[in-house]
Structure formats: structure tokens, C-alpha cells
Amino acid sequence: MAVMGIADALRIGIIEEMRADESVFCLGEDIDIENGMGGAFTVTRGLTKEFGPERVINTPISEILIAGAAVGAAMTGMRPIADLQYGDFLFCMMDQLVNQAAKMCYMSGGTVKVPMVMRAPCGATNRGAQHAQSFEGFFTHVPGLKVICPSTPYDAKGMIRQAIQDDNPVIVFEHKLLYGGLRHEEGAIQTLGEVPEDGYVIPFGKAAVRQEGTDMTIVANLLMSYKAQEAAAMAEKDGIRCEVIDPRSLVPFDYETVEQSVKKTGRLMIIHEDVYTNGWGAQLSSHFAEKCIYDLDAPIVRIATPDTSIPFAPNLENHVIPSKERIYDEIIKLAKL
Amino acid sequence: MKPKLSKKKLLEMYEKMVLIRKYEESIYYLFLEGIMPGSIHQSTGQEACAVGMLIDLKKEDYMASTHRPAGHCLAKGVTLKSMMCEMFGKEAGCCRGKGGAMHTGDISVGALPANAIVGGNLPIAAGVALSCKMRKTNHVIVCFLGDGATNEGAFHEALNAAAVWNLPVIYVCENNLYSATTSIGLTTKIEDVAAGRAAAYGIEGEVVDGNDVLAVYDAATRAIKKARAGKGPTILELKTYRHVGHSRNDACGYRGPNEQEAWFARDPITLFRNYLIENGISDQKNLNEIEERIQQEVEDSVEYAQNAAEPPLEYALRDNYWEGAQI
């Protein structure tokens, strides 16, 4: 059992799959340059040494091509892992993801599959509005795509392996402050954790209960799952015991685990870095209002980045991204309702 | 230059062209009569492009088509019955009734589901070619596009990558002079919108008479041979003309009568028919028999499709995700 961060865990998951299956390959910007970074966040660093440039393919800065080539290769027997420097560039390839990757199986009457992985670093990190967004919600709105967001090294390896083995297009959101890689990020959270060496996979649609509690249920993903646990630890001193659930995959979503928790606690808080309006929390809030209204003792609370682009100035960015202090305040308020 | 081909091959080409023409004409009337649902984007007049490009492709080679896919699909080997059933939205359709006119295809014969986003199939074709190269299958892909697609960003990104990766792909622009109803000259400065840009990517480009099936065949043969030999992609620009509107409700009021008459006089099927007779390969009687036989096959397929079962309602929510190989 080795101890590592998420960037290393993703890399090891990719290496193991590439060793096991010759059809698996990587393509993306800046991923195989000698002495380069290995993608923007070191995940593919060094892969060329073992697998050669034939299977670690450096692309032109052409996002439509990256996604389209992944779709075409996936349709004809390969398992591409496409890599973006910043998730914000997903919007340059939206046609290929939404009109092509997501619909090919459906339009063909179930005769064509598209087993591709699209990796996308997300989250605000003092880089301004176009290298900052958390937009998982966008992609949960597209039938045909799977959307995952691993937040621990253990999950990262198990879920990237599952994503590579999955026969559908999977978008992997990786938070820039959780990589724990060689690249220093201001405000990063140390995610070092134990990662088994065997070839385990983590099936999608199974949430992880990060912390058990009886007074309220908090659903939070990626960076927010850490902020939620920090805030929950603060609230525990006030005698409030929160159950923190990390959904890990948004499509498919583990409604069952959250529902069981809500039935136990009677209170539900949803936290994401995605903006408030129609973020994935809106769907969750609606779902549990419909399904669990009689189990709830108080209104559902959503904490999100307000409906704004992400500002550069560090004080402004810190102001809009949900902080543990803001989450703690909301926990206290919700507990009193 | 006319390639030397066997009588069998030439007649096979003629049959395929007639099949596409009869199929499209049949669809046109069924649509006007209100019998057929949906929209139509027909390839009538462009039969030489489809047949010349695809007649020699192997079943395992791939083909990526556009919103105007019928000719390409029939030439690649998608069956007439499964095409017609798809047009009627029937379960026996090549996409089980879930694709429709703009998405016909059959991966089992190498025809990718046709793509109704202009330019959307170009990067996908690059990916298919990359896959062929990585798997060392020695297969190639022919990817069709219209003149309008050459102004999409996807064209630029796909062509550049195909060149730099030396991919076994043949991009085939069927330049029928109109992007929907807009003359390509109004939106593009150069005349050879595809071949004229080839040099910018370091790819060979060639302009071909798209209404001369043997000229198309000759260019196709060279491009396919080159791709199979690992010598990279080619852009072919086939100058052609659609005999009908862009889609339903398009009476082509934007095209001048002189232009139309000049192109109709160069009907690819008439040209090829004359060639076959003048060169003693066939005669009026034999060719008439072929046409009558195919007309009957098309009519039979219409009857078959009209009587075929609709997809069960549970199909509506299936196949958003892969459910395993189905029979």
C-alpha cells in the first residue's frame, strides 16, 4: 500500500489500464513533451517513457479535434483518455461531447459504443475567470454522458480505472487544489492517502460517507467535500453532528445513500463550487423535496458560488467560493431551524 | 483519364448509381405525398461521388457521411430495406428507427452513423483513421463533407491533425455550390474551397469532375492506395450539383435556370449511361432492364417498410448508454 496524492493515483490508474489493455491510449495537449509538465497538472508525466509517443499522443491545440478524435477512435475499438489542460476548454469541444459522444450510441440504435474518458481540471485557483470554473452541472444535463468527480487518491485510482473500462463517454472532473502533485498551488489541500496496489475499481453511482452524523446530511463534492468536513468538525464542538456524503459520481447519482441519510437526520445541505442557479445541487434539492418532504424537519439549504464569473483578485475569489466559515455559519443556522 | 475496368465492375457501378437515384426519387414522392415523416436532404445528382469513392472500399474500411447520407450509405453497403425502414422510423431500420434520415449508417459494414452537424464528422474521421493506424489494420476511412463544412473550425482542426499524424483518411468535399441556400461564393473567397486549402495543411489536394463517375473512381483509387500505403491523407474536391433543394420546402428559387440546365445536362447517370453504350459495354435494352429491376426493388422496399413494425415505446429510453452488443 503506497501513500500518494491524486495526481499520482490517477497516473498509476492510467498506467495499470494501459498495461492491461493495448487499446487504451492518451491524447491531449502537452502530455508527452520530454521534461514537460505531463499535462497541466503532471498526471501524464513520464508515461511516454514506458508507452512511447504512439500511445501518449501529443495533440495540436485543437480541442474539437481532441474530443472528435477520441470519439472516432472509441467508436472503432480503442479506449482513448483525452486530456485537457483546463476544464474550461471543454466549451471549445461541446459539439463533440454533446452532439457526438453522448448521442452516438442512441442515434445508432445501440449498435455503436463510445468508450472514452475526458479528463478536465476544474476549480478556482487565482487564474481568473477562464481557468476557474466548476461546471459539472452542465454535463449532468446531457443524457449519454457519465460525470464523475473523485476527491481522494483512493477514489481517483479506482474511478479512473472504472472510467477507462466503462463503455460510455465519461467526463472526469479533477479539482486543481486536490491534485497533491509536484505543481504548487496556493490554497491546495493535502490529499495524501493510501492507495492499494491491486487492480480495484470503484463502480459509479456509489457515494462515500466521509463522516457519520445524526443531525444533518451534507452532500458535497470535490474541494467542497473537504471544506464541509472542516466545517463539520467546527460544528461538532457546538454539539452538532453532521453526516458528510461525497457523491463521487454525479451521473449516475447515488440517491439511495443520501435518502437513507436524510431519513435519519431530517436535514439536508448541499454544497458545490458550481454556481447556484441550476448547479447540480438544484436537481438534488428538487429530487429530495419531491421524495423526502415528510422526512425533512427544515428547508433544504444549498451553498454554492453565487451566480458570477470567477474574479482574479484573491480577496474577491475567496469571497465568492464557499469557505468553511460560511459553511459553518449555515450549519449552525440550519441546526436551529 | 478513364481507368480500365471490367464490364462487371462498370455495370455494378451503374446499378449502384441507379439504386441511389431511384431511392432518392422514391423518397421525394413519398415525402411530397405526406406519407414519409421527418425531413429530407437528398443526394440526387451526386450519385457519381458516392459510387466512385466507395465502390472499391472493403467492408472493413470506414465511411463517415453528412446530413445528406443516402447515396454514401447505399454505396457503402447499408441495405436498401434497412435504409427505407429507417426513413419510416421503423424497428427494422438501420438505426432501429432512432436515427432517422440524417443519421443512417451501419457500423457492421463500416458506415458510421451519419452526422447532421456540419463538419462534425471530420475530427471523428481523424479519430477513426488514428484507430486504424494504431491497430495496424491497414484500413482507411473516406469522410464526406459539403462545401459549407470547409468554413467550420472542425475542418481546420481535423485536416491539420490528419496531416501531422499522417492518417489513412480521404476527405471528400462534394462541392455542390450551395451551403443550404447560400452560394458558396458569397461566403468563401477561393473557388476550390477544399482542394485549394490543401497546401495550407501540407496535404495533397485535387479537383475532380464529381459528375464523372470514372474520374471520381480514378482519384479515389489513387487516394485510397496512398492512404493504405501509410502515405497519409488526401483532400478531394468533387465538383457536383444537387438536382433538388437543400431540404424539404426548398424549391431552389435562388438558383438561376441557366445554371440548373447546364448542370442537369451533365447528369452523372446519363453521362455514364452514354459512356457504357458508346464503348459497347452495354446497350439500351440491358440498361433499361437494370433500371426496371432496381425500380421494383425500391418499390418493394417501400412496401416492406410501410408494413414493418414501429419500434416498441420502451426503445425511447434505451441506448443512451451502451447496453451490450445486440443481435
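**Strands, domains and contacts**

Guide: In the strand β3(B), B:C173 is the residue that B:L145 stands opposite. This is a predicted model, in which local features need pLDDT of at least 70 and side-chain atom pairs count only at pLDDT 80 or more, while totals for chains, interfaces and linings use all residues. Residues are numbered from 1 along each chain as its sequence is written, and chains are lettered from A and ligands numbered from 1 in the order in which they are written.

Visitor: Over how many bridges do β2(B) and β3 of chain B pair?

Guide: Strands here are DSSP runs of E with at least two residues, and helices are runs of H or I with at least four, numbered from the N terminus. Two strands pair if DSSP finds at least two bridges between them. The pairing of β2(B) with β3 (residues 169-175) is in the parallel sense, and the number of bridges is six.

Visitor: Which residue stands opposite B:I141?

Guide: Strand β1 (residues 62-64) of chain B also runs parallel to β2(B), joined to it by three bridges. The residue opposite B:I141 is B:Y62.

Visitor: How many residues of strand β2 of chain B are buried?

Guide: A residue is buried if 20 or more other C-beta atoms lie within 10 Å of its own, exposed if 12 or fewer, and partly exposed in between, with C-beta atoms placed from the backbone. B:I141, B:C143 and B:L145 point one way and B:V142, B:F144 and B:G146 the other, all of them buried. Strand β2 (residues 141-146) is therefore largely enclosed by the rest of the structure, the count being six of the six.

Visitor: In what order do the strands of the seven-stranded open sheet of chain A lie?

Guide: The edges are held by β3 (56-58) and β12 (249-251) of chain A, each with a single partner strand, so one side of each lacks a neighbour in the sheet. The pairing is mixed, and the order is β3-β2-β4-β5-β7-β6-β12.

Visitor: Which residue is the bridge partner of A:V24 in β4(A)?

Guide: Strands β2 (residues 24-28) and β4 (residues 79-83) of chain A run parallel and are joined by five bridges. Within β4(A), the partner of A:V24 is A:R79.

Visitor: What is the radius of gyration of chain A?

Guide: The radius is taken over C-alpha atoms, and the globule rule is 2.2 Å times the number of residues to the power 0.38. Chain A contains 12 helices and 14 strands. For 337 residues the rule gives 20 Å, so chain A is as compact as a globular protein of that length, its radius of gyration being close to that value, at 20 Å.

Visitor: What distance separates the centres of the two domains of chain A?

Guide: The bounds, from an automatic or database domain assignment, are 2-195 for domain 1 and 208-336 for domain 2. Taken over C-alpha atoms, the separation of their centres is 26 Å.

Visitor: How many residues does domain 2 of chain A bring to the contact with domain 1 of chain A?

Guide: Two residues are in contact if their C-beta atoms, placed from the backbone, lie within 7 Å. Domain 1 of chain A contributes 26 residues, and domain 2 of chain A contributes 22.

Visitor: Which element supplies the largest share of the side of chain B that touches chain A?

Guide: The contact between the chains takes 35 residues from chain A and 36 residues from chain B. Both α5 (121-134) and α6 (153-164) of chain B supply at least two residues of that side of chain B. The largest share, nine residues, comes from α5(B).
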